[in-house]
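Trainee: I would like to learn how to read helix packing and a sheet in a model. Could we take one structure and go through it feature by feature?

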Amino acid sequence: MIDVYTAHTPNGIKVPIALEELGLDYRIITVNLAAGEQSRPEFLAINPNGRIPAIVDHQGPDGQTVSVFESGAILLYLAERAGGLLPRDPLERLRAMEYLFLQVAGVGPMFGQAGWFLRSAPAPCAVAIERFRGEALRLTGVLEARLRQQPWLAGSEYSLADIMNFSWLRVAHYGGVELARFPAVAAWVATINERPAVLRALARVH
Ligand SMILES: N[C@@H](CCC(=O)N[C@@H](CS)C(=O)NCC(=O)O)C(=O)O
């Protein structure tokens with residue numbers, strides 16, 4: 001059994017989706033972000049960075065209990081544990097890694113900051129909105145170019161790279177990005193939205 005500490009946010013839905021796709025048993029433990037539960041000592045013992053998602057796998061390496069934080073690390077751990085969501089073809093595997101790290105280092109931070117400055121900043125800051133929304137738009141263009149060439153980010157196969165990026169692009173409007181301008185990304189989001197594993201995962205995360 002895998003305990004998933006999470007909430008219904010772009011980063012928070014990735015792990016349940018991956019677990020559903022891989023057919024692994026898991027239990028959701030909702031972290032109330034508004035109440036600051038991510039900063040409590042018992043949660044910091046699992047993720048010293050104080051962010052969701054994090055997991056505790058009670059059947060980790062050598063049967064030991066292990067905790068993992070950072071969504072990219074968690075999805076790689078789960079993919080290797082279950083033997084899925086990572087292409088076997090070496091070139092496609094490499095592409096999956098590229099788009100996984102593009103999400104972690106680019107798409108997530110840029111959309112996150114764009115959304116914060118657009119919606120939550122205590123005072124308007126036009127230069128920050130221009131910078132972060134501009135980067136979110138540019139990165140969506142990178143995904144658009146890839147998805148015009150290939151059905152999935154790794155290439156021919158759905159992978160953890162799609163789950164990572166989908167989780168942000170399905171709420172692209174949060175970062176001020178209209179998907180009508182990016183038809184290949186919009187079609188890819190719509191396709192992933194209908195996957196049974198995605199529907200099951202979204203119904204379980206609150
Ligand atoms: N790079 C991290 C980002 C995690 C993250 O920022 N999670 C947000 C929710 S989407 C969070 O926990 N926010 C709580 C806070 O800011 O205090 C990952 O991919 O796991």
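**Helix packing and the sheet**

Mentor: Helices α1 and α6 pack with their axes 9 Å apart, at an angle of about 135 degrees. Axes are lines fitted to C-alpha atoms, for helices over the stretch in contact, and angles run from 0 to 180 degrees between N-to-C directions. Helices (H or I, at least four residues) and strands (E, at least two) are DSSP runs, numbered from the N terminus. This is a predicted model, in which local features need pLDDT of at least 70 and side-chain atom pairs count only at pLDDT 80 or more, while totals for chains, interfaces and linings use all residues. Residues are numbered from 1 along each chain as its sequence is written, and side-chain values use heavy atoms, with hydrogens and water left out.

Trainee: How is α1 oriented to α6, and what is the hand of their crossing?

Mentor: Two packed helices are described by the angle between their axes and the distance between the axes. The angle here makes α1 oblique to α6. Angles under 35 degrees count as roughly parallel, over 145 as roughly antiparallel, 65 to 115 as roughly perpendicular and the rest as oblique. The crossing of α1 and α6 is right-handed. A crossing is left-handed if the near helix is turned anticlockwise from the far one by less than a right angle, and right-handed if clockwise.

Trainee: Which residues of α1 and α6 meet?

Mentor: From α1 come K14, I17, A18 and E21, and from α6 come I163, M164, F166, S167 and W168. Contact means heavy atoms within 4.5 Å. The residues of this contact divide into six nonpolar, one polar and two charged. Ala, Val, Leu, Ile, Met, Phe, Trp, Tyr, Cys and Pro count as nonpolar, Asp, Glu, Lys and Arg as charged, and the others, Gly among them, as polar.

Trainee: How do the axes of α3 and α6 cross?

Mentor: They come within 10 Å and cross at roughly 150 degrees. α3 and α6 are therefore roughly antiparallel to each other. α3 passes α6 in a right-handed crossing. S71, G72, L75, L76 and A79 of α3 make the contact with L160, I163 and M164 of α6. Its residues divide into six nonpolar, two polar and no charged.

Trainee: How many residues of α6 are buried, and what covers them?

Mentor: An α-helix has 3.6 residues a turn, so residues three or four places apart point the same way. In α6 (residues 160–169), ten of its ten residues are buried. Buried means under 20% relative accessible area, exposed over 50%, partly exposed in between (1.4 Å probe, protein chains only). The cover includes α1 (14–22), α3 (71–82), α4 (90–119), α5 (126–149), α7 (183–193) and α8 (196–204).

Trainee: And S159, is that residue buried or exposed?

Mentor: S159 lies in the loop between α5 and α6. With a relative accessibility of 0%, S159 counts as buried. Leaving aside residues up to four places away in sequence, S159 touches L85, P87, A96 and A154.

Trainee: What is the order of the strands in the sheet?

Mentor: Strands of a sheet pair through backbone hydrogen bonds, either parallel or antiparallel. The sheet is open, with four strands in the order β2-β1-β3-β4 and mixed pairing. β2 and β4 stand at the edges, each with a single partner strand, so one side of each is left without a neighbour in the sheet. Neighbouring strands are turned by 20 degrees against each other on average, direction ignored. α1 packs on the sheet, touching β1, β2 and β3, and its direction makes about 150 degrees with that of β1. α3 also packs on the sheet, touching β1, β3 and β4, and its direction makes about 130 degrees with that of β4.

Trainee: Which strands run parallel, and which antiparallel?

Mentor: Two strands pair if DSSP finds at least two bridges between them. β1 and β2 (residues 26–30) run parallel, joined by five bridges, and V4 stands opposite I28 in β2. β1 (residues 2–6) pairs with β3 in the antiparallel sense over four bridges, with D3 opposite V56 in β3. β3 and β4 (residues 66–69) run antiparallel and are joined by four bridges.
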